[in-house]
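Please consult the structure below alongside the text.

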Number of protein chains: 4
Amino acid sequence: MADASIRCVPSATRRSEQSRRAALDAALALVTELPYPRITVDAIAARAGVSKATIYRWWSAKGALVVEALAQQSADRPEEHLVLPDTGDLEADLAGVLRAIVDEMADPSYDALMRALSIESLQDPALRDQVREQIFGVQLEYVERRFAAARAAGQLRDDVGTLEAFELFVAPVFHRWQGATGPLTHAYADGVAARAVRALRPG
Amino acid sequence: MADASIRCVPSATRRSEQSRRAALDAALALVTELPYPRITVDAIAARAGVSKATIYRWWSAKGALVVEALAQQSADRPEEHLVLPDTGDLEADLAGVLRAIVDEMADPSYDALMRALSIESLQDPALRDQVREQIFGVQLEYVERRFAAARAAGQLRDDVGTLEAFELFVAPVFHRWQGATGPLTHAYADGVAARAVRALRPG
Amino acid sequence: MADASIRCVPSATRRSEQSRRAALDAALALVTELPYPRITVDAIAARAGVSKATIYRWWSAKGALVVEALAQQSADRPEEHLVLPDTGDLEADLAGVLRAIVDEMADPSYDALMRALSIESLQDPALRDQVREQIFGVQLEYVERRFAAARAAGQLRDDVGTLEAFELFVAPVFHRWQGATGPLTHAYADGVAARAVRALRPG
Amino acid sequence: MADASIRCVPSATRRSEQSRRAALDAALALVTELPYPRITVDAIAARAGVSKATIYRWWSAKGALVVEALAQQSADRPEEHLVLPDTGDLEADLAGVLRAIVDEMADPSYDALMRALSIESLQDPALRDQVREQIFGVQLEYVERRFAAARAAGQLRDDVGTLEAFELFVAPVFHRWQGATGPLTHAYADGVAARAVRALRPG
DNA sequence: CGCTAATCGAGACGGTACGTCCCGTCTTCAG
DNA sequence: CTGAAGACGGGACGTACCGTCTCGATTAGCG
């Protein structure tokens, strides 16, 4: 809960919150507007009305800025996370969330954001860890609650951890999205949910 | 099996096979030696003893060259694919392959190749499609055979396609690799196989 | 009169006159169409419908081809040389020729040709010599006749050679053209002629 | 005398004088060391310890840089201009300067500089104008003074402008240098001076 | 409340890699 | 067995970003 922003050396009290927001907003906007490799620090600085020096004073590189921007957005809008409802019917709850994810993936902006995150994660282990903790971790927490309830209701095997369960229904969708290896439809989402539940069912 | 080499514009008859191989080999070598963003077209050209113009004559960019190099390697060494054995025990067969995959992912060279492929796929839809068809597709074919046998043996549900089955056991591993969200151990591989088989079992 | 074309090694008997003319014509055409540095051997070859290899077989470089093309034209159209009339009035005869030169210099094509010649002469001593002998020399011969007549008529000092006399009325115009240091008008031409004649007059 | 440095677009206040001098000096040095076409922007940048981008930020091309370098040198060393002495004997004064010019033309460095200037002037009208104003113009001014004195002393015709007078003794030498059409000796210089004076003499 | 030092915008700088263009050579293939 | 077509290695081009830096101008917070 404490301020996680142990980031850079400079005094940090003097830091202009205005510049910081401008940079993050500009980064976010550009990520949805341009193919990722065409986003440059110069462009972000220009769009934000901020100097390049200011950006490099507070972030180590383009990637760190982009990842922080996305984490920030993720923190600002908790409703967009994987908030699993609990109707008692695990498969239906999962299917609902997967349908929502599939719908979101069709949105070019969301697609662009995901792409940016993935690229930076793949290029820099430090950013990958940051993504895992600040974005993936948050999502995992939400899922954990629902699974705890399911476990309590005896709907989950004992030998499957939350992370493995989470992977079981998220990874296929993500894999298909990233590789464009098949259609991302509601029917597909339902199928993934059904298979996940079968795999997780006790007995 | 047919000639898949409908590739680029120029006459293609006059093309120097020697230069082509040199470029692909150099690209492959560099991918395993350097962090991906540090690989430059100049370096590939120099290593291959080929001019930059020649590279740009036949490939649109670094990414296309790298992807073709990997696809080529994939075609040259079929033994490194997902060749699923058929012992009759589907879960054991899957677990064996997943263990092999997990081992491979620990190899820095393989890691670098995968990273390169993923980054390029994410940056350019055309390359993503090329990867899907020339690399992913080949792997899928191998898997298909084993699943056909399993299906014939009544070990597979009727309502699950090969692609979905494939995703079920490959996507979690890939997801965990890419996000570094958990350990990639033999135990984990076994767990994925077990869950996949449960999800695919009829009834 | 003898064949001056002791040029290159190849058989020369087999040489395709058609290709040779096509190349020279294309070079000439391009010189008048494009700024000189943009004229490339590829462009000449393409325009001529001749292969680059053929060009390099017979000429050492672009410059040699261009210079030969201009020399050829110079030889083909003797009427465009400095043909000094002989009316008995040396100053009037010179003024007439200088006016003609000045008019020609206003023609963009002629301007382009001169530019090409000068550039090549400056870049390569061998071509400079070729220009001197095949183009300048021809012009000088024409002038020599008129000056011989003038000398016979006692209108020329004894201590001035033809070359010096020639320079006296040609160099100023050429210098002004090349440096764009002043207007090139008929009045100017007349002035140059007058000064030249004063300088050359005996006594 | 006034600040002639109205040159390029960008802010110019922030411009690094150090980089500017380094680039000009390097260009000048290379011009005297290498045949002109072999001088590359990369080489100038490397020699100057300056980045290519900096060169292109302030000069449009190699030619502009070289011309400015020569103009700069011309401004820095006024003693090397055509400083006509005034002994009262115009012909002797001219002959002296022409002998000096002829000697200079025998110097390979000077030859290279002139060649470079001429080539660039012929290839680009903008540079030709720059040469005329920043180099030729300066020389002309020096000559003008001597001619004003001569005119005051009644040694010059009224109907000949300074520019024409200047051409009369400079153009032949320049023409002979550029075309290599004859020897550049002291005797020749004396002859040119004599002819020029005859042409300019009143009556 | 005014001094002083950090931060800000602007943008020039040394670099590195880019992707293009042209050179002059060499190979292939149609006539 | 010529010659058009054009791929090739080489190398310079001019551009685009990178991340650093130097400028004044602004501004915050300690004295």
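Helices (H or I, at least four residues) and strands (E, at least two) are DSSP runs, numbered from the N terminus. The largest share of the surface near DNA strand F, four residues, is supplied by α3(B); here a residue is near a molecule or strand if one of its heavy atoms lies within 4 Å of it. The model is predicted, so that local features need pLDDT of at least 70 and side-chain atom pairs count only at pLDDT 80 or more, while totals for chains, interfaces and linings use all residues. Residues are numbered from 1 along each chain as its sequence is written, chains are lettered from A and ligands numbered from 1 in the order in which they are written, and side-chain values use heavy atoms, with hydrogens and water left out.

**Surface around DNA strand F**

- DNA strand F is surrounded by 34 residues, and the closest are A:Lys52, A:Tyr56, B:Thr54, B:Trp58 and D:Tyr56.
- Of the atoms of DNA strand F that come within 4 Å of the protein, 65% belong to sugar and phosphate.
- Phosphate oxygens of DNA strand F are approached by a polar side-chain atom of C:Ser19 at 3.2 Å and by a backbone N or O atom of D:Val41 at 3.0 Å.
- Two or more residues each are given to this surface by α2 (41-48) and α3 (52-58) of chain A, α3 (52-58) of chain B, α3 (52-58) of chain C, and α2 (41-48) and α3 (52-58) of chain D.
- By class, the surface near DNA strand F has ten nonpolar, 13 polar and eleven charged residues; Ala, Val, Leu, Ile, Met, Phe, Trp, Tyr, Cys and Pro count as nonpolar, Asp, Glu, Lys and Arg as charged, and the others, Gly among them, as polar.

**Interface between chains A and B**

- In chain A, 32 residues are in contact (heavy atoms within 4.5 Å) with 31 residues of chain B.
- About 3500 Å² is buried between chain A and chain B, with carbon and sulfur atoms giving 60%; buried area is the accessible area (1.4 Å probe) that two parts lose on being put together, summed over both.
- Four salt bridges are counted between the two chains, a salt bridge being a side-chain nitrogen of Lys or Arg within 4 Å of a carboxyl oxygen of Asp or Glu.
- B:Arg176 and A:Glu164 form a salt bridge through their side chains (2.8 Å, N to O).
- On the side of chain A that touches chain B, α6 (108-123), α7 (125-152), α8 (162-179) and α9 (186-200) of chain A give two or more residues.
- The largest share of that side, 13 residues, comes from α8(A).

Definitions and conventions
A polar contact is a pair of N or O atoms within 3.5 Å; within protein, one must be able to donate a hydrogen and the other to accept it, and residues adjacent in sequence count only if both atoms are side-chain atoms.
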